[in-house]
Amino acid sequence: MSAKTYEVRTYGCQMNVHDSERLSGLLEDAGYERAPEGADGDADVVVFNTCAVRENADNRLYGNLGRLAPMKTKRPGMQIAVGGCLAQKDRDTIVKRAPWVDVVFGTHNIGKLPVLLERARVQEEAQVEIAESLEAFPSTLPTRRESAYAAWVSISVGCNNTCTFCIVPALRGKEKDRRTGDILAEIEALVGEGVSEITLLGQNVNAYGSDIGDREAFSKLLRACGKIEGLERVRFTSPHPRDFTDDVIAAMAETPNVMPQLHMPLQSGSDPVLKAMRRSYRQDRFLGIIEKVRAAMPDAAISTDIIVGFPGETEEDFEQTMHVVREARFASAFTFQYSKRPGTPAATMEGQIPKEVVQSRYERLVALQEEISWEENKKQVGRTLELMVAEGEGRKDGATHRLSGRAPDSRLVHFTKPDTAVRPGDVVTVEITYAAPHHLLAEGPVLNVRPTRAGDAWEKRNTEAVAKPAGVMLGLPKIGAPEPLPVATGSGCGCD
């Protein structure tokens, strides 16, 4: 008798992506097997890990649930579960609007999913369980990681900020930090399994230590990561300008395996708008951080988040954002058109901006940032870079006979496939020959291939997947090194 299958659909930020790895691990620990790629709901259990930060997030969820209703009718025993931020926010509403849903669980009790599924099956009625506070730190749960060579490591959950556009603190609660020893133990265990790159995760990652009153806890953690043998690359997301202190910049510059990459959310360049957003910094403070980072790490690639059309934003306010973009010269920017988030103060503010005005400003900002991104990428031409080979990041790799990898600063590079066998997780040395706004090319021969333990781990995972009996697919890793989200409309995930 074949095992039951599952499918997890993830929406939203990196925290949700990592939570979905936990949900997959829990289900596999309970005896489920991952459904084949492209199952599209054809599984015994379908889990929606939701995001609540878009104005139409609920419409998207109910549309997807509606498409599964007839499939569930035809498939006896099929179960549907809804978790994540929207579940934390809407609770009983989900079952009222979609009575064919079996389980609703929140952001604080993802570890209960297998138990709730079994209870729903036995009692033949929907189970809704929303914990008001964190029951167990997610990293204590089983995990089915999407990548063999790069991993997310959560160092905190929740957020103590009160940004007026963001509903995340209300749904994920106040910040709770993990013990440093537990974080380092998880990283060491991952390195022991072959992982060579980790990304430290937190809603406000550099506020780490606020629980214990140690303002330098995050910089100490970065330095401790530098002492872990076999850990080649360390990244983190997302910091907040308020808590980004000089000791963090020093730790980044002085710790060789902490990569010269920084995602620093701006949101707006206008001081009045930043005040209305309850962002606890102003333009001068933000540009001062950028200046210090560039002084310490001249080659650092800095990215950002920007919201266009926040309530009350004037043309002058918008021009201040454009000014900061010109001054900061971001390698990339994730730009969002403001949209109301139900339950946030900004949703009911006066001065909501007409859609056509927001669209016009958005297009001007994107055009400026595209120009800057291209100019900054052109500076990479002629440089020799070490790339960690990635999987699934180059959509045209097969047709162009190229592979893809990430530079230390996380720029995406497509390179000529070498004669020597190379695997995701291995490291290659290339010379950059061409720059586009969103990627680089290395069209010449690969200068060096360095097989790694991470490549061994990838090969081992894929060999085991192929060796599985017919009808069982683990699913191959899809997110290589955890990557930034694409430029999108909306209002950002609000996790920073």
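**The cysteine site**

Analyst: Cys-13 counts as buried because its relative accessibility is 6%, where buried means under 20% relative accessible area, exposed over 50% and partly exposed in between, with a 1.4 Å probe and protein chains only. The model is predicted, so local features need pLDDT of at least 70 and side-chain atom pairs count only at pLDDT 80 or more, while totals for chains, interfaces and linings use all residues. Residues are numbered from 1 along each chain as its sequence is written, and side-chain values use heavy atoms, with hydrogens and water left out.

Cys-13 sits in the loop between β1 (5–10) and α1 (14–29); helices (H or I, at least four residues) and strands (E, at least two) are DSSP runs, numbered from the N terminus. An unreviewed UniProt entry gives the feature "binding site" at Cys-13, Cys-51 and Cys-85. UniProt positions are in the numbering used here, feature names are shortened, and annotations may be inferred rather than shown by experiment. The three positions are spread over 73 residues of sequence, yet they cluster in space, with a largest C-alpha distance of 10.6 Å.

Cys-85 belongs to helix α3 (residues 85–90). Cys-85 is buried, since its relative accessible area is 6%. Leaving out residues up to four places away in sequence, Cys-85 touches Thr-50, Cys-51, Ala-52, Thr-107, Leu-171 and Arg-172, contact meaning heavy atoms within 4.5 Å. One of these partners, Cys-51, is itself an annotated position.

Next come the nonpolar cores. A nonpolar core is a set of buried Ala, Val, Leu, Ile, Met, Phe, Trp, Tyr and Cys residues joined through side-chain atoms within 4.5 Å. The largest has 56 residues, and those with the most contacts inside it are Ile-187, Leu-200, Phe-218, Leu-222 and Phe-244. Beyond its neighbours within four places in sequence, Ile-187 is in contact with Val-153, Ile-198, Leu-200, Cys-225, Ile-228 and Leu-231. Another core, of 37 residues, lies apart from the largest one and includes Ala-39, Leu-68, Ile-307 and Ala-346.

Helix α9 (residues 246–254) has Asp-247, Val-248, Ile-249, Ala-251 and Met-252 buried. These buried residues pack against α8 (217–225), β11 (233–237), β12 (261–263) and α11 (283–296).

Another buried residue is Asp-426, at 1% relative accessibility, in the loop between β17 (412–416) and β18 (427–431). The side chain of Asp-426 reaches the backbone nitrogen of Thr-452 at 2.9 Å.

Definitions and conventions
Polar contact = N/O pair within 3.5 Å; in protein donor to acceptor, adjacent residues only side chain to side chain.
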